[in-house]
Amino acid sequence: MLNLYQLRQQKKDGESGGKSAGSQKRASAAQLRITKDISELNLPKTCKTEFPDEDDLLNFKLIIQPDEGYYKNGRFSFSFKVGPGYPHDAPKVKCETQVYHPNIDLEGNVCLNILREDWKPVLTINSIIYGLQFLFLEPNPEDPLNKEAAEVLQSNKRLFEQNVYKSMRGGYVGNTYFERCLKA
Amino acid sequence: MEDSGSTDWPGRWKHIRRLLERSGPFAHPDFEGSPEILEFMLNNCKVLVIGAGGLGCEILKGLALSGFRNIDVIDMDTVDLSNLNRQFLFRMKDISRDKATVAAEFVNNRVPGCNVIPHFKKIQDYDPSFYRQFHIIICGLDSVIARRWMNGMVLSLLNYEDGVLDPSSIIPMIDGGTEGFKGNARVILPGMTACIDCTLDLFPPQVNFPMCTIAHTPRLPEHCIEYVKVFLWPQEKPFGENVGIDGDDPRHIQWIFEKAQDRADQFNIKGVTYRLTQGVVKRIIPAVASTNAVISAQCVTEAFKLASSCCNPLNNYMVFNDTDGLYTYTYEAEKKEDCPACSQVPQALSFKKDAVLQDLVDHLKNSASLQMREPGITATVNGKNKTLYMQSVEAIRKRTKENLPKRLSELGLTDGQELVVADVTTPNAVIFKLKYEV
Ligand SMILES: Nc1ncnc2c1ncn2[C@@H]1O[C@H](COP(=O)(O)OP(=O)(O)OP(=O)(O)O)[C@@H](O)[C@H]1O
Ligand SMILES: [Mg+2]
Ligand SMILES: [Zn+2]
């Protein structure tokens, strides 16, 4: 058992205990984990990351450029904000490119189960990136955020394909205007 | 020996002396009673209380009445009307004064000889030199994030000599937590017993409803409120551009409440009320004064046991629940072998004063005991994170490879600096401690 009463001799009047211990607080658990996650990023070739500040691994962007599927040749940007609660809490991810997609709304909210209800601390930044990439290959009309897009996908795949293309080229789908996001 | 200061009256510590000056059936086998122990508690033992809220007020009272006199308290907040029903060191006249100062004044006035020093600060505002002065730290916090921060702090105070923990660098941390009728108290001996991060899965995760349920298929009143919070607020910006939701602003709650009611009507959902709205927005779990009292009493008792060694401390996690009858038990939460926070014994790395970062990277790769492949290295320099070298992301690799020919000292790395190194060869990031050869 730890005997504080005996240790008090070494530590009387609040003198410092371990003198050679660091004078700086250790990196937080979130920082340790994000260092691990980022240094082991293994991205599919359609994805790349951008770090505005290489010293800040907690805030970055992910660019997805699908090479197949409905969204082929589009370029979609997501912002990642990793909070101090990581990996207990999921990072906050928003889509910064306006996209006509059943699981992404026009405000940039993303419906991906592992970002909310199914998040677990064993998941990593890489798992989220794969999840997001999958959304572009297999948009899922069962869990819609953009309900109109989901209905079109379910009822008329041709029309859906055309709408996606229109939106990526820049233009109106229904009443909504989409900025161009095709690869240059 | 009756007199430990001018403020004591005859017999003041009579009952405590009975515990500390003789042995007893519950005393630790090695315990030898002596008047010095009380002297230590009264005059030397420094306790830090974190949070002066529901738990903190009770803890301060308990400590002061148990013979602790050198107490510091940190709280970042001010007194709010809604605190007064249970945070009993505060009165109507104290509203909007800072909690730490009001609590310290109250206890110092009420308990002769007690010297509570207030800090109207965030825990994050202080560095290791501040925390190192205490013998015991007691937390009465209300968030996992703040607990983990304190946990990380007491762990970074640990000192290892050749991989062996120096016990005098251990500051026991007692942590209390309550949620409604449930609570827990635990004793953490950093580096020796389970820490906050070892048992992270004991904390209930935040309830997050699926985005699509909130957006299109709400079933509960909570779904309607979340909808307004997540979707309508950022769209309609009811109080202007860049005005986030303030759970303490009644106008904000009223707006969310009305919109949530509209949505509930639309889907035939009952039960959206103003109170529920406030509860969901602030993620409120009602505070129960008696739970705070029980948990705080346990925390103070543990501090008393640790300071005096008169009895074994709690080993190490007590659960309390009086939702329905009264239920409590204690068990030993296990220290996790691979805990990212406390399994870290910083490994010493010695380099010549003029070594460059490339030397360090080469060492990590070539040393027979490490054999790393592509180590990513970060450090906290002057309180700021710094990425020293990382290869996985092309842009970061380009920018940080310029660091490779630089001297370690040029990069701001001082003697004793901790380095975080991540590599595929280890399951967690590893901490190294830099030593300059002399
Ligand atoms: N990082 C921190 N630094 C300093 N004090 C903190 C920190 N985090 C929380 N606290 C303090 O811990 C206390 C927690 O107590 P508690 O939750 O009972 O009070 P409260 O938040 O005022 O009440 P309620 O949650 O019921 O509104 C608060 O006074 C809060 O200011
Ligand atoms: Mg609180
Ligand atoms: Zn741990």
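In what follows, contact means heavy atoms within 4.5 Å, and helices (H or I, at least four residues) and strands (E, at least two) are DSSP runs, numbered from the N terminus. The model is a predicted one, in which local features need pLDDT of at least 70 and side-chain atom pairs count only at pLDDT 80 or more, while totals for chains, interfaces and linings use all residues. Residues are numbered from 1 along each chain as its sequence is written, chains are lettered from A and ligands numbered from 1 in the order in which they are written, and side-chain values use heavy atoms, with hydrogens and water left out.

In chain A, helix α4 (residues 147-155) packs against helix α5 (residues 157-169) at an angle of about 135°, their axes being 6 Å apart. Axes are lines fitted to C-alpha atoms, for helices over the stretch in contact, and angles run from 0 to 180 degrees between N-to-C directions. The pair α4(A) and α5(A) is therefore oblique; angles under 35 degrees count as roughly parallel, over 145 as roughly antiparallel, 65 to 115 as roughly perpendicular and the rest as oblique. From α4(A), the residues A:Ala149, A:Val152, A:Leu153 and A:Ser155 meet A:Lys157, A:Leu159, A:Phe160 and A:Asn163 of α5(A). By class, this contact of α4(A) with α5(A) has five nonpolar, two polar and one charged residues (Ala, Val, Leu, Ile, Met, Phe, Trp, Tyr, Cys and Pro count as nonpolar, Asp, Glu, Lys and Arg as charged, and the others, Gly among them, as polar).

The axes of α2 (residues 35-44) and α11 (residues 289-308) of chain B come within 10 Å and cross at roughly 125°, so α2(B) is oblique to α11(B). Their crossing is right-handed; a crossing is left-handed if the near helix is turned anticlockwise from the far one by less than a right angle, and right-handed if clockwise. B:Ile37, B:Phe40 and B:Met41 of α2(B) meet B:Phe304, B:Ala307 and B:Ser308 of α11(B), a contact with five nonpolar, one polar and no charged residues.

The axes of α8 (residues 221-236) and α10 (residues 274-282) of chain B likewise come within 10 Å, crossing at roughly 60°, and α8(B) is therefore oblique to α10(B). This crossing is also right-handed. Among the residues of α8(B) that meet α10(B) are B:Glu222, B:Glu226 and B:Lys229, and the contact divides into five nonpolar, one polar and three charged residues.

Most residues other than glycine have a negative phi, and most peptide bonds are trans. A cis peptide bond joins A:Tyr86 and A:Pro87, with omega about 0°; A:Pro87 lies in the loop between β3 (76-81) and β4 (92-95) of chain A. Another cis bond, with omega about -15°, joins B:Asn315 and B:Asn316, and B:Asn316 is in the loop between α11 and β9 (317-321) of chain B. B:Gln371, not a glycine, has a positive phi of about 45°.

Between the chains, 57 residues of chain A are in contact with 87 residues of chain B. The buried area is about 6100 Å², with carbon and sulfur atoms giving 58%; buried area is the accessible area (1.4 Å probe) that two parts lose on being put together, summed over both. The chains share two salt bridges, each a side-chain nitrogen of Lys or Arg within 4 Å of a carboxyl oxygen of Asp or Glu. One of them pairs A:Glu54 with B:Arg399, the closest N and O atoms being 3.0 Å apart.
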